[in-house]
Amino acid sequence: MSPRHLSLSLCAAAVGALAIAAVAISPSRASEEAVIIPPPAVDVQAAEGVQTAVIAGGCFWGVQGVYQHTAGVLNAVSGYSGGSKMTANYTMIGTGTTGHAEAVEIKYDPKKISYGKILQIFFSVVHDPTQLNRQGPDTGTQYRSAIFTANDEQKKVAEAYIAQLNAAKVYKKPIVTKVGPLQAFYAAEDYHQDYLTLHPNQPYIVFNDIPKIQNLKKIFTENYIEKPTLVSNAKATN
């Protein structure tokens with residue numbers, strides 16, 4: 001995250017109550033508004049066993065939080081993708097010069113949720129895919145919109161879906177999401193994991209990320225689960 005995240009953490013106690021009150025008045029307020037979009041016309045064929053999707057859509061706190069409230073997701077881990085192992089740490093990522101994006105690795109059960117559905121949620125409620133190298137208040141290539149594909153089938157589905165959504169003109173501007181092969185994913189520091197659940201009153205979370213969860217519940221009711229699937233719980237059971 002940017003230095004602004006740290007300053008917000010410091011002032012959370014002072015303005016948290018005001019932020020919560022503001023959301024109570026306007027629950028849909030968020031940096032990126034949700035968009036109702038059609039499902040992908042092409043999807044990955046159902047497979048046996050746990051599957052993996054890696055996506056980037058701005059600050060990973062909110063991205064992780066959305067998928068932790070998504071049925072069929074077994075674990076969603078905040079981390080970094082797009083650069084080398086040597087630079088995969090919060091301090092260096094923050095410079096925007098490492099090639100990394102703040103990303104989330106999603107382990108999911110393909111019998112309960114498809115890759116296409118994960119992408120539909122990504123493009124609908126997770127972020128604004130028309131913003132280049134930024135999301136809401138966060139700017140820099142580390143906040144870019146990206147899909148890191150694990151195989152050719154994921155690549156085909158992701159590219160076809162972007163073309164489908166652009167053709168349907170569901171957004172006011174073209175999608176800028178980059179699709180590229182997954183080279184590696186590096187988990188972020190422990191203090192970034194489960195951040196939304198652990199800090200629900202932090203102003204940044206209140207204004208930017210809680211609305212994403214609310215939109216997931218509203219738009220994808222059949223895919224929403226109230227109790228989040230946390231990284232801490234996954235570690236305890238593995």
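This is a predicted model: local features need pLDDT of at least 70, side-chain atom pairs count only at pLDDT 80 or more; totals for chains, interfaces and linings use all residues.
1. Lys217 is partly exposed, at a relative accessible area of 43%, whereas Glu226 counts as exposed at 53% relative accessibility.

2. How many salt bridges does this rule give? The count comes to three, and one of the other pairs is formed by Lys155 and Glu159, whose side chains meet at 3.1 Å, N to O. These residues are four apart in helix α5, so that about one helical turn separates Lys155 from Glu159. Lys155 is partly exposed, with a relative accessible area of 36%, and Glu159 is likewise partly exposed, with a value of 38%.

3. A further salt bridge links Glu48 to Lys111, the closest N and O atoms being 3.4 Å apart. Because Glu48 lies in the loop between α1 (3–25) and β1, while Lys111 lies in the loop between β3 and α4 (115–126), the pair ties together parts that are 63 residues apart in sequence. Both Glu48 and Lys111 are exposed.

4. Strand β3, which covers residues 101–108, is mostly covered, seven of its eight residues being buried. With strand β1 (residues 51–57) it pairs in the antiparallel sense over five bridges, and Ala53 stands opposite Ile106 of β3. Strand β2 (residues 73–81) also runs antiparallel to β3, to which it is joined by eight bridges; within β3, Val104 is the residue that Ser78 stands opposite.

5. In which sense, parallel or antiparallel, do β6 and β7 pair? Strand β6 (residues 145–149) and strand β7 (residues 178–181) pair in the parallel sense, over four bridges, and the bridge partner of Thr149 in β7 is Pro181. From β6 the chain passes through helix α5 (residues 152–168) on its way to β7, and this β-α-β crossover is right-handed. The helix of this crossover, α5, is also the one that holds Lys155 and Glu159.

6. Helix α2, made up of residues 60–68, is mostly covered, and nine of its nine residues are buried. Among these buried residues are Phe60, Trp61 and Tyr67, together with Val63 and Val66; Gln64 and Gln68 are also on the buried list, as are Gly62 and Gly65.

How values were computed. Residues are numbered from 1 along each chain as its sequence is written. Side-chain values use heavy atoms; hydrogens and water are left out. Buried means under 20% relative accessible area, exposed over 50%, partly exposed in between (1.4 Å probe, protein chains only). Helices (H or I, at least four residues) and strands (E, at least two) are DSSP runs, numbered from the N terminus. Two strands pair if DSSP finds at least two bridges between them. A crossover is right-handed if, with the strands pointing away from the viewer, the path from the first strand over the helix to the second runs clockwise. A salt bridge is a side-chain nitrogen of Lys or Arg within 4 Å of a carboxyl oxygen of Asp or Glu.
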